[in-house]
Amino acid sequence: MNLPDRIEILRWLYGRLKPRRFLHTLGVEQLAVHLANLHHLSPETASTAALLHDCAKNMSDEELLQICDRSGVDLKPNQEYPQLLHAFAAPVVAQEKFGPLPEDLLNALRFHTTGRAGMSPMEKLIFSADYAEPGREPFPGLLEARELLVSDLGLGTLQILENTVQYLRQKKQKVHFYTLEALQSLRRETQREGREESK
Ligand code: DGI
Ligand code: FE
Ligand code: FE
């Protein structure tokens, strides 16, 4: 499946996103492509997914709910989390503009905010690049997360999930069950890998 042209995506986003969000998107792309090269994932898929991950971020909650409704996205478990709608709507919005996209890329968009159990390497990559992109104002744990991502994508993603859950709990925000499942699943996955390595 051919991926959409990068410059065409950038033109489209430039007219859709606020300047800060546009710059954030370029930062996510930069880190995603860097990590893709290090970890032997497709840099083209990483670039396209990174560019498209927040493509629905400028839309109102009503618009996002309508999109999800008409495309059959089941949002019942997510009604309490308006901040997460832009992720579930992104695959629909992106494909309305650019036509069919590969499933792994769509899942990277869909789960970029919450993560989920059994994330693919590309899903981990976009989830993590969104968190650790170079334009983010420094905050506790950011540098450590970046370093871990370079050496081990799974461990880096696990660290980011741990930080995110802790941060949301501090702010007394409800943590989405996808995020909790992602954390449990990745803890198990990295423990298993550790055991296999020491055999
Ligand atoms: O779209 P971005 O700002 O680049 O970042 P994002 O898509 O990772 O996150 C969007 C917002 O969602 C951010 O303010 C944090 C929030 N969020 C992420 N996971 C959860 C969450 N909020 C709640 N309540 N629960 C979560 O599990
Ligand atoms: Fe987002
Ligand atoms: Fe983002």
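This is a predicted model: local features need pLDDT of at least 70, side-chain atom pairs count only at pLDDT 80 or more; totals for chains, interfaces and linings use all residues.
**Entry 1: Asp 54.** I began with Asp 54, which is buried at a relative accessible area of 2% (buried means under 20%, exposed over 50%, partly exposed in between, with a 1.4 Å probe and protein chains only). Residues are numbered from 1 along each chain as its sequence is written, chains are lettered from A and ligands numbered from 1 in the order in which they are written, and side-chain values use heavy atoms, without hydrogens and water.

**Entry 2: the bridge.** Which two ions does Asp 54 bridge? I found the iron ion (ligand 2) and the iron ion (ligand 3), which lie 3.5 Å apart.

**Entry 3: ligand 2.** Asp 54 (OD), His 86 (NE2) and His 112 (NE2) coordinate the iron ion (ligand 2) at 2.1 to 2.2 Å. Along the sequence I read their spacing as D-x31-H-x25-H. Asp 54 sits in the loop between helix H3 (43-52) and helix H4 (61-70), and His 112 in the loop between helix H6 (103-110) and helix H7 (121-132), so this pair ties together parts 58 residues apart in sequence. Helices here are DSSP runs (H or I) of at least four residues, numbered from the N terminus. His 112 is buried, as is Asp 54.

**Entry 4: ligand 3.** For the iron ion (ligand 3) I noted His 24 (NE2), His 53 (NE2), Asp 54 (OD) and Asp 130 (OD), at 2.2 to 2.3 Å. Asp 54, in the loop between H3 and H4, and Asp 130, in helix H7, are 76 residues apart, and the pair links distant parts of the chain. Is Asp 130 buried or exposed? Asp 130 counts as buried, at 11% relative accessibility.

**Entry 5: ligand 1.** I then turned to ligand 1, which 18 residues surround (each with a heavy atom within 4 Å); among the closest are Arg 21, Lys 57 and His 176. Asp 54 turned up again: a polar atom of its side chain lies 3.1 Å from an oxygen atom of ligand 1. A side-chain N or O atom of Gln 173 is 3.1 Å from a nitrogen atom of the ligand, and for a backbone N or O atom of Lys 174 I read 2.8 Å to a nitrogen atom of ligand 1.

Definitions and conventions:
Donors are N, O and S atoms within 2.8 Å of the metal (3.2 Å for Na, K and Ca); water is not among the atoms, so sites may look incomplete. Helices (H or I, at least four residues) and strands (E, at least two) are DSSP runs, numbered from the N terminus. A polar contact is a pair of N or O atoms within 3.5 Å; within protein, one must be able to donate a hydrogen and the other to accept it, and residues adjacent in sequence count only if both atoms are side-chain atoms.
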